Amino acid sequence: MDHTFHSDTLHEVLSRLETDQEQGLSLQEGEKRLAEHGENRLEEAKQAGMLRRVLGQLKDPMILVLLAAAALSFFAGGGQDWLDAAIILLIVLFNTVISVSQEDNARKALEALRKLSAPKARVIRAGLERRLESSQLVPGDIILLEAGDYVPADGRVLWEAGLQADESAMTGESLPVHKRGGGGLPQDTPLAERKNMVIGGTVITGGRGRVVVTATGMDTEMGKIAGLLLRQTQGETPLQRKMGEVSKVLSLVCVGVCAVMFGVGMLQHRDILDMFLTAVALAVAAIPEGLPAIVTIVLAMGVGRMAKRNAIIKRLPAVETLGCASVICSDKTGTLTKNQMTVLEVWTPSPGLRGQALALGTLCGDAKEGPGGYVGDPTETAIAQMAAREGLEKAQLERDMPRQGEAPFDSVRKRMATCHSLPAGGTLIAVKGAPEAVLSRCTQVQGPQGPRPMTEADRRRILGVGSDLAAKALRVLAVAQRNQSGPPKSLEAQELERELIFVGLIGMMDPPRPEVRAAVERCAAAGVRPVMITGDHKDTAVAIARDLNLFRPGDKAIDGPGLDFLPQETLEEEIETFSVYARVTPEHKMRIVRAWQKKGHVVAMTGDGVNDAPALKAADIGCAMGKTGTDVAKGAADMILTDDNFATVVAAVEQGRGIYSNIRKAIHYLLSCNIGEILTIFLATVFSFPHAPLSPVQLLWLNLVTDSLPALALGMEPVEKTVMRQPPRGKQDPLFSRAFSLRLAWQGAMVGGLTLLAYGLGLRLTHDYAIANTMAFATLTLSQLFHAFDVRSEETSLFRLGFFSNPAMNKAFLAGVVLQGLVLLLPPLQGAFSVVPMPLPQWGIVLGLAVTPLVVCEIEKAVRRARTGRPAPVGKEAAVYR
Ligand code: ATP
């Protein structure tokens, strides 16, 4: 494809692309071109094939050792141990299948999430505006761009209003570039100076525009250098990394223990092959090689669960950080409120101007007539709706006074201006925006006999009325105008918004979302402080915050000018006293995040605009709005709220805490079981039991059946109610706290002790090594299966939790018991696992010992509860909620 689209005339571009600037492509043509050009995406590295992934599993050193052990036992045993060898191979196979399929599941879950957050584009096809996935764009499509959008493909600008793009990613130019429609540029214009083109992958930072797509996918400028670009990599989460390290350390410890055991066995002149196989099997069973995988799977599953509850996690580490969040900085409009505005009051400095005020507010807005009323920015639709109700239809107004140009709204100016040609000739400039922002541009007030100069008293009166409206929780906009004989000199905001005549104030209500109040209460109980950050007026903000119980007695509010006045150190000092930050610009958000972080807080922050991106990145958890958020905000965020709702952030914090706690449970279980296994074999060897209480095959079986399934089930435990009744976990709090490590140790010792006890009792009662061995094997597996139940909660009793409230655990338990039952009871399997039928009394002993951990752990929990009087806090005590 040649790239001369920048030098052709607009007419040539459109005819070369065989498209129409108003209608766009037809639907069939869109489909046809998609088939022809392929999807609009950059090629990605191919996913490794199944065989490669299976082979990847086999590279695991544990597996290699096992394969070697199987070979050894086959050859050294003279073929007589072929059964052992076969079982080892089977177990390896099983293990590989499980690992590969689990990895697959985790990958698919994450892939699906990536799709959910894929950017969309606004496209005109068959004359109608549609939202399509950016990947569906084709050359010739007409797309609409506005501030905050990613440019989805290369294109030529057809029309624009103040369109600006940040092209630093492609051209290195760090300042935003103004784009313009119009004729062709010289053929040899370098990329950075093609002002009539937009480049795919860059960002629109201001204004709006209509663009015809000239190239998609690998044909774009970005596609040409795609190989050089950084791909977004999914890094490991801190927990995954930590588990990787822990599992390495533990592996070394295990190998050490096994080596010592092997040495001791040699000194005792045991059979070398036997001893070797036992050592290898113990290493395989005891090394928690599954730890990092379990962490990943539990994280991925948790993330899937959160997606169903409207929170899409973009980076896995955010899940962990969520659980530590101690402050939630939330936008007001649309997040705490419904963003459904209704005009309640129109105030004008003299009577009879109501219609004029509403007409100006309507003209200076982009609300469009849809089938069920006006659509667009709720602030603007509210005004258009009210005007229409009073006989001022927007369509009619625009027919009388067609729009010639505009300076779009932005949250720094807090104003918007449009200019219109008047029926009798001349131009009307209509402005609306925040009262003080509009007032500062007014020199006159509209009076009954026409405009008169604005006095200081006028100004005070207008601002006073504005405050009164705001105190009633209304959002207030001011409208103003200017008439001039000729067209404006330029469409710059500065030129349009000067020497205005003030016409009136419009007050509108935006009711709070009903679920927010309960969410604020949950925050209070959970030691998480919610604060409001808004572009709206301080009085409006405080009135709503008070209504939501987010602004409590003693709390303070501050606004943008106030913040400008406050040095950063003072802000840091006093940050915890503020619950409401009003009239802030996105730069203020940055200072607010920094200040909270300086005080040691973990900050979650919501945002939607282009300018919010830096603050979203700076926050520990940046949350972008899924509905109203710009692509840029979504790109910078860690999490996307598909319903733009504050309550969803709180629910996500709860899930984050729950996921962390579930991972902890899985680790708790795995490690305490492994300690039990090591202890059993190690002590048996050291105390020179003539026969090992467990055979190598039994150990491997244990590893497969009783270790991994319940551990995974613990990862799926429903989030405990208590997680939101504790203060947040400190970000630096160690996972292996003293209490936690101690608990692992004694519970492991208990499981090991019970197994040895079973062996000892078996020997004493029957003097039969085979029965003693069978009893030890059965006790170890069954006690672990029971133990899994008490690990389900660290402090809540199983009676309160409900024995069967985790379906995954029920299944894991059932599967474990059935499989173990088959091995113990079915004659052919008995042979393979070297177990013998047990007499009934021995069964009684085994079952009694097996439930002991459950009973003991429940008693220990009850004692702990009685001592502390309430569930012990997980993290630091500091409750930030005052
Ligand atoms: P939040 O930050 O909580 O979402 P917000 O939506 O009020 O609050 P902005 O969109 O930055 O924040 O708006 C700031 C102010 O600009 C508003 O209080 C209002 O006075 C004014 N404003 C908002 N929308 C428009 C608009 N479409 N045209 C003109 N002025 C507007």
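## The shell around the ligand

Strand 18 gives the most to the shell around the ligand, with three residues; strands here are DSSP runs (E, at least two residues), numbered from the N terminus. This is a predicted model, in which local features need pLDDT of at least 70 and side-chain atom pairs count only at pLDDT 80 or more, while totals for chains, interfaces and linings use all residues. Residues are numbered from 1 along each chain as its sequence is written, and side-chain values use heavy atoms, with hydrogens and water left out.

In total, 19 residues surround the ligand, each with a heavy atom within 4 Å of it. The closest are Lys332, Thr333, Glu380, Lys432 and Arg475. Sorted by class, the shell has nine charged residues (Asp, Glu, Lys and Arg), along with five polar and five nonpolar ones.

## Polar contacts and burial

Let's look at some polar contacts, meaning pairs of N or O atoms within 3.5 Å. Nitrogen atoms of the ligand lie 3.0 Å from a polar side-chain atom of glutamate 380 and 2.9 Å from a side-chain N or O atom of lysine 432. For arginine 583, a side-chain N or O atom is 3.1 Å from a ligand oxygen.

Taken alone, the ligand exposes 610 Å², and the protein buries 89% of that (Shrake-Rupley method, 1.4 Å probe). Strand 15 (427-433) and strand 18 (474-484) are the elements that give two or more residues to the shell.

## Where the ligand sits

The ligand lies between domain 3 (311-338 + 513-644) and domain 4 (342-509), because both give residues to its shell. These bounds come from an automatic or database domain assignment.

Note on methods. Polar contact = N/O pair within 3.5 Å; in protein donor to acceptor, adjacent residues only side chain to side chain. Helix = DSSP H or I, 4+ residues; strand = E, 2+ residues; numbered from the N terminus.
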